[in-house]
Each structure stands twice: as structure tokens, then as C-alpha cells.
Amino acid sequence: MNYTFPENFIWGVATAAQQIEGGMREGGRGLSNWDVFSHIPGTISGGGVPDVACDSYHLLDRDIAMMKELGVNSYRFSFSWPRIIPDGTGEVNPEGIAYYKKLLAGLKEAGITANATMFHWDLPYALQVKGGFGNRDMTGWFLNYAKVLLDNFGEDIEYWVTFNEPIATFVGNAKGFFAPGLCDEAYARQCCHNLLVCHGETVKLFRSRNYKNAKIGIVVDVWKHYPADPENPEDVAAAAAANETEGYGMYLHPLFLGGYSRYLNAYMKEQDVMPDIMSGDFETIRQKVDFYGMNFYNVLIDDSAKQRRLAAEQSEGGNYQNRPEYHTELLDKVLKEIVEEYGIDVPLFISENGLPQVGMTDREAILDDQERIDYLDKVLKTLHKAMQGGIDVRGYYLWSLMDNFEWSAGYEHRFGIYYTDFETLERIPKKSAAWYAGVIRHNGLPE
Ligand code: BGC
């Protein structure tokens, strides 16, 4: 089988500001919701905080050199809102603008195009205090931020992403284990609704600029759930609920079809968590985008009987670790179903894909990441198959360039193809870095 990808296929790596930059109190940066949340004892596994992270605020040149070594032709990164506008609104921070200008100049010199996300979860804390996304004024605050970004970087970015994985805002407000750490589902539903309006307003603003080359889209992660037994109502209900009420359906439906799905509407009414919706909101949200970025990590099979068995095996107080099963061979099916279900008629990207190394401490073992190579190889083969089958995927971004601050998992989950020594901040290529460089050189998988 020949796994060559189309000419001009985009091979990239992805990161996000809060996870790599550090420089928390440097260069005029304001605090983010995650800076504050992560400093609350008990929120982050191992107690890791993002104050320094990979120190990309100072080590930009090293990051770009790594991308050159890999041979990627695109870099997906995010802007830090608190670095650009420290208080969320008001004064723009010139040092913040200068930092990203430097990054973009470096990328340009290296022949790497930019895929930039406006919001990858790090909200200025000053706005969190005012209610964050739950406050409808957010639409104005966000639009002002988007305007600053477009004024400064408009055409320098080939692919603009408004939001990365809006689900994080739901998790942070409904489940408590992401910033800001709230457990209020009704509030979280309002946050998500307002966030989608921010997206729509930003696309409208972007269109008014008539850029020649820059494009705009959004990234929604898809962890599709399937019932283990399609005849078992319990499995079927579990999968549907996961997809519709706490998964991709919450976003893809309003973005591509308009309004919330019948399933989600019924659920929100029943649970009394329906957000306030203003007239015109759904039209605003359903703007035509230029592309859709799907973050893909895994597919989940809901097996109620097995869940019960595992729960029973789990000793009380023990730390029974249920190793995840990977079903990457279903990526092909997932892509087809999502495109069909939501009528997606714009090009797609796999905007993130990767595998963590969990809780490992031995450097040599971490560097020898054959398991990651095997996983990526399977994903790319399935992606190739999907594309052969007609799915219009234009690029693939590996998560992540280097080990970084993995949100609530702190520094205990390593997703990098470069190892980060968090003491010395040295970056060392793992086995997968050489493998990925080979994939890029061959524009596909070697025979
Ligand atoms: C996020 C990244 C995160 C990655 C691995 C995605 O959900 O966009 O920020 O690090 O998955 O967990």
C-alpha cells in the first residue's frame, strides 16, 4: 500500500501559549485564569504550574530551529490574550505584540506558515473576575481582542482559528477540573453559548476585512462515542449523551446546521440549564467558515457492563489505572460521519493529534517513544484511507512539538516529540521526531 499524501499537504506541529510560553509576569503580561487556577493547591496533578513551562517566551529561536529540523511547513500556535491585552480590555501591550511579530518573522524566514488560534483557553483573569464567558459583555471584549489581533497580524497568518476546543470552557465551568474551576452547569451552558456568539462575530469582522490570503475557521475536538452493543439501550443512550450533551454536537450543530440539536434542546429544558439566547444569535453563530479543524485523539466505545465490572474491580481508595484502549482505526468512519451529519462542505484539518506518555520519569525511556510512533502511524494510515475515500483533509498537525504544561495533568503527561527538561529547559528530540521528519520528507509513510 502506498501512503503518499497529496502535493501541498500541510505537515505541522501544534502548541498553545499557556502550555509553552512561561514568562508569566514578564514583558507586561497580565494574569490568566489558568495562572490563578493552577496555583490553587490540589488543582494540578503533581502541583505543576505554568509560570515557566517551556520558556518559549525566551526560547523562541530554539523552537523554530526544532521546526526546521523536522521540516514542517506550518506551525499551529496560539496568541495569549493576557500578553496582548493584559487586562482583557483597554491597553494593548506593545511587548506582547513584539513577541508574536518576532515569532512570525522567524517562521517566515524558515519558510513555515502560521496557523494561529485566538483563544486556546487562557482568559485574562481580569475578565474571569467579571464572570468570564458567562457575561454577555464577553462578545464585545472578545471582538475588541480579535480586532487588535487582525490589525496587527491579519495577512501574516494563513489560517486563523477563533477558538480551540470550546469544550474546555464547558469543563471549566460545569465540571471544575479546568479553569476557572466552577461546577455550575447552567452557567457553563451560558458560557458556551456566548463563546459561540464571539466566534460568529469574529468571523463577520474578519470578512469585513476582505483579506486576500488569510482564512478563518474553528477547532472542535471529536471524541466520538459508539455504543459497544448497538442493541443495548443503555450503551446507546450513553454514547448519544456523550456526543450530544457534552461532546462535539454542542458546537458542530449550531456552527454548521444552526441552533442546538433537538436532543440537546430537550436535555437543556429538562435539566433547566437552557442559556439565554438573544434573537439573531443562531444566525451570527452559523457563519460560513473557510475550514474546520478537528482535533482527534481517540474514539470511545461505551460498554455499560464493562464499566460496571471495572468499577467493581477498583479497590476503594486504590489508584486502579484503567489503561485507555485506542480505536484510531475508526478515524476514517468518524470523519465520514461527522462531515455527513453536519453537512460540512469546507476543507478539514486534523488540527491536533498525539499520544501522551503518562507519569514516566526515566529520560531514556521517554526518548524511546516507539509506542507514539506506532500510534501516529496507525492514525496517518487511517487518515490516508479517509482522504482516498473523498474526505477533503488539507493538513495534519501533530500535538505536540515538545512536552509542555498539560493543563490539569501538569507536567506528568508528555505529548512532545521533543523531550523538555523542565529543570534546564533543554529540548531533546525523541525517536518520534526523526520518524516524523521522515514522514514529512516522504510526504507520507515510507513503504
Ligand atoms: C488541547 C491541548 C492539549 C491536548 C492533549 C487538546 O485537548 O487542545 O491543549 O494539550 O489536547 O491533551
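This is a predicted model: local features need pLDDT of at least 70, side-chain atom pairs count only at pLDDT 80 or more; totals for chains, interfaces and linings use all residues.
## Two words to start with

A residue is called buried when its relative accessible area is under 20%, and exposed when that area is over 50%.

Let's begin with helix α3, which spans residues 60-70. Its buried residues are Leu-60, Asp-63, Ile-64, Met-66, Met-67 and Leu-70. They cover an arc of only 155 degrees around the axis, so they sit on the same side of α3.

Which exposed residues does the face turned away from the buried side carry? On that face of α3 you will find Asp-61 and Lys-68. After the helix comes Gly-71, and its phi is positive, near 85 degrees.

## The barrel

Now look for the strands. Eight of them close into a barrel, in the order β2-β3-β4-β5-β6-β8-β10-β12, and the pairing is parallel. On average, neighbouring strands of this sheet are turned by 25 degrees against each other, direction ignored. In general, strands of a sheet pair through backbone hydrogen bonds, either parallel or antiparallel.

Strand β3 (residues 74-78) pairs with strand β4 (residues 113-119) over five bridges, in the parallel sense. Here Phe-77 has Ala-116 in β4 as its bridge partner. The next step takes you from β4 to β5, a parallel pairing over four bridges, where Ala-116 stands opposite Trp-160 in β5. From β5 you move on to strand β6 (residues 215-221), again in the parallel sense and over four bridges. In β6, Trp-160 has Ile-216 as its bridge partner. How many of the six residues of strand β5 (residues 159-164) are buried? The count is six of six, and the strand is mostly covered.

## Helices against the sheet

Strands β3 and β4, paired in the parallel sense, are both touched by helix α5 (residues 94-109), whose direction makes about 170 degrees with that of β3. Helix α17 (residues 370-388) touches β2 (10-14), β10 (348-353) and β12 (393-399), and its direction makes about 170 degrees with that of β12.

## Around the ligand

The model also holds a ligand. The residues around the ligand are Gln-19, His-120, Trp-121, Asn-164, Glu-165, Asn-295, Tyr-297, Glu-352, Trp-399, Glu-406, Trp-407 and Phe-415.

For Asn-164, an N or O atom of the side chain is 2.9 Å from a ligand oxygen. Glu-352 has a polar side-chain atom 2.9 Å from an oxygen atom of the ligand. For Trp-407, the distance from a polar side-chain atom to a ligand oxygen is 2.8 Å.

## A buried asparagine in a loop

Asn-298 lies in the loop between β8 (291-295) and β9 (300-302). Is Asn-298 buried or exposed? Its relative accessible area is 3%, so Asn-298 is buried.

What does its side chain meet there? A polar atom of the Asn-298 side chain lies 2.9 Å from the backbone oxygen of Glu-325. The backbone nitrogen of His-327 is also 2.9 Å from a polar atom of that side chain. Leaving out residues up to four places away in sequence, Asn-298 touches Val-222, Trp-223, Lys-224, Glu-325, Tyr-326, His-327 and Thr-328.

Most residues other than glycine have a negative phi, and most peptide bonds are trans. With that in mind, some spots here deserve a look. A cis peptide bond joins Ala-179 and Pro-180, with omega about 5 degrees, and Pro-180 is in the loop between α8 (167-175) and α9 (185-208). Another cis peptide bond links Trp-399 and Ser-400, with omega about 15 degrees. Ser-400 belongs to the loop between β12 and β13 (413-414), while Trp-399 is one of the residues around the ligand.

Asn-210 is not a glycine, yet its phi is positive, about 50 degrees. This residue lies in the loop between α9 and β6, and its relative accessible area of 65% makes it exposed. Leu-425, also a residue other than glycine, has a positive phi near 65 degrees. You can find Leu-425 in the loop between β14 (418-420) and β15 (427-429). At 16% relative accessibility, Leu-425 counts as buried.

How values were computed. Residues are numbered from 1 along each chain as its sequence is written. Side-chain values use heavy atoms; hydrogens and water are left out. Buried means under 20% relative accessible area, exposed over 50%, partly exposed in between (1.4 Å probe, protein chains only). Helices (H or I, at least four residues) and strands (E, at least two) are DSSP runs, numbered from the N terminus. The arc is that of the directions from the helix axis to the C-beta atoms. Two strands pair if DSSP finds at least two bridges between them. Axes are lines fitted to C-alpha atoms, for helices over the stretch in contact, and angles run from 0 to 180 degrees between N-to-C directions. Contact means heavy atoms within 4.5 Å. A residue is near a molecule or strand if one of its heavy atoms lies within 4 Å of it. A polar contact is a pair of N or O atoms within 3.5 Å; within protein, one must be able to donate a hydrogen and the other to accept it, and residues adjacent in sequence count only if both atoms are side-chain atoms.
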